[in-house]
Amino acid sequence: MNIDVYKGFGLILIVMGGVLALYTYFILGVNPLTALWIGLVITGASILLTPSQAPRRVREITVFIDKILMNITFFLETLRIFGNNLFKSYDGNVYIFISKNYIDKIPDDVEKNFIIYIDGEPVIRLVSPINKDLVKDFTEPCPAIEYVLIEYLDSADRIECVEEDDRVVVRIIRPILPSTSRLDKTIGGVYGVVTGSIYALMRGETSINHVETSPEALTIYMRLKK
């Protein structure tokens, strides 16, 4: 049986996640680490079952990122760490900080750790797939978001942006990826990661307040830290 590189990667995730989940369960019992390995198995299965006829960029980039983010969300829910976020850029990369409490500022001495504590509460740091190199030819967020979502990922028909003071509304018209309430509440899904990361690169620290969906559009409401 022939298997392409993409599906081969999914098979590796299934085997690796399964072995690690069993090992962790028998040594430590049911805990957040076990949930993470199970998430790898689910991600691998999703990749393996994704039809090969789908457009290559959407299949291998957009869908893959969506599955990874979903399983990260399950992991965060297990730890009860979700609900508030902060997108912040460092040297051309963007990091997403997630906490159950409102995040006002990330201390400079701990800002690059995977887990930090602010006022005694844990905050998780994720690395965004969106970096400065991807949008280096743009100086304004809206054209950059349009390029990434429409031309690069081919995941929407068009977008509309409205920026007023520290408030931003980005409307994605006819998004291809389905909206999921878990992802929307955590980091806004793939569309939230793209818009939040690009605004963080070009405007500074950014938070996604909430996401609204309708049959025709997905609307992301953000706040900028001027």
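Here are some notes on this predicted model, point by point.

1. Confidence first. The average pLDDT for the protein is 78, and 70% of the residues score at least 70. Helix α3 (residues 56–78) is where confidence is lowest, with a mean of 64, while β6 has the highest, at 95. Where pLDDT is low, the predicted coordinates should not be read in detail. I'd keep that in mind when looking at α3, given its mean of 64.

2. Now to β6 and its partners. Strand β5 (residues 158–164) pairs with β6 in the antiparallel sense, over seven bridges. Within that pairing, E160 stands opposite R171 in β6. The two strands make a hairpin with two residues between them, and D165 in the turn has a positive phi of about 55 degrees. β6 also runs antiparallel to β8, joined by seven bridges. On that side, look for V169 opposite Y221 in β8.

3. R167 and D166 form a salt bridge, with 3.7 Å between the closest N and O atoms.

4. Another arginine, R174, has its salt bridge with E216, and here the closest N and O atoms are 2.9 Å apart. This pair links distant parts of the chain: R174 lies in the loop between β6 (167–173) and α5 (181–186), E216 in the loop between β7 and β8 (217–224), and 42 residues separate them. R174 has a relative accessible area of 39%, so it is partly exposed. E216, at 41%, is partly exposed as well.

5. Which parts of the chain does the pair link? K88 sits in strand β1 (residues 84–90) and E205 in the loop between α6 (189–203) and β7 (206–213), 117 residues apart. Both K88 and E205 are buried. The pair also belongs to a network of salt bridges that links K88, D104, E205 and K225. The total count of salt bridges comes to 10.

6. Helix α4 (residues 141–152) has a clear set of buried residues: P141, A144, I145, V148, L149 and I150. An α-helix has 3.6 residues a turn, so residues three or four places apart point the same way. What covers the buried residues of α4? The cover includes β5, β6 and α6. Just after the helix, D154 takes a positive phi of about 50 degrees.

7. T139 is in the loop between β4 (121–127) and α4. T139 is exposed, because its relative accessible area of 67% is over the 50% cut-off. Leaving aside residues up to four places away in sequence, T139 touches M202 and R203. T139 and R203 are 64 residues apart along the chain, and their C-alpha atoms are separated by 9.9 Å.

Notes:
Residues are numbered from 1 along each chain as its sequence is written. This is a predicted model: local features need pLDDT of at least 70, side-chain atom pairs count only at pLDDT 80 or more; totals for chains, interfaces and linings use all residues. Side-chain values use heavy atoms; hydrogens and water are left out. A salt bridge is a side-chain nitrogen of Lys or Arg within 4 Å of a carboxyl oxygen of Asp or Glu. Helices (H or I, at least four residues) and strands (E, at least two) are DSSP runs, numbered from the N terminus. Buried means under 20% relative accessible area, exposed over 50%, partly exposed in between (1.4 Å probe, protein chains only). Two strands pair if DSSP finds at least two bridges between them. Contact means heavy atoms within 4.5 Å. pLDDT is the predictor's confidence in each residue, from 0 to 100.
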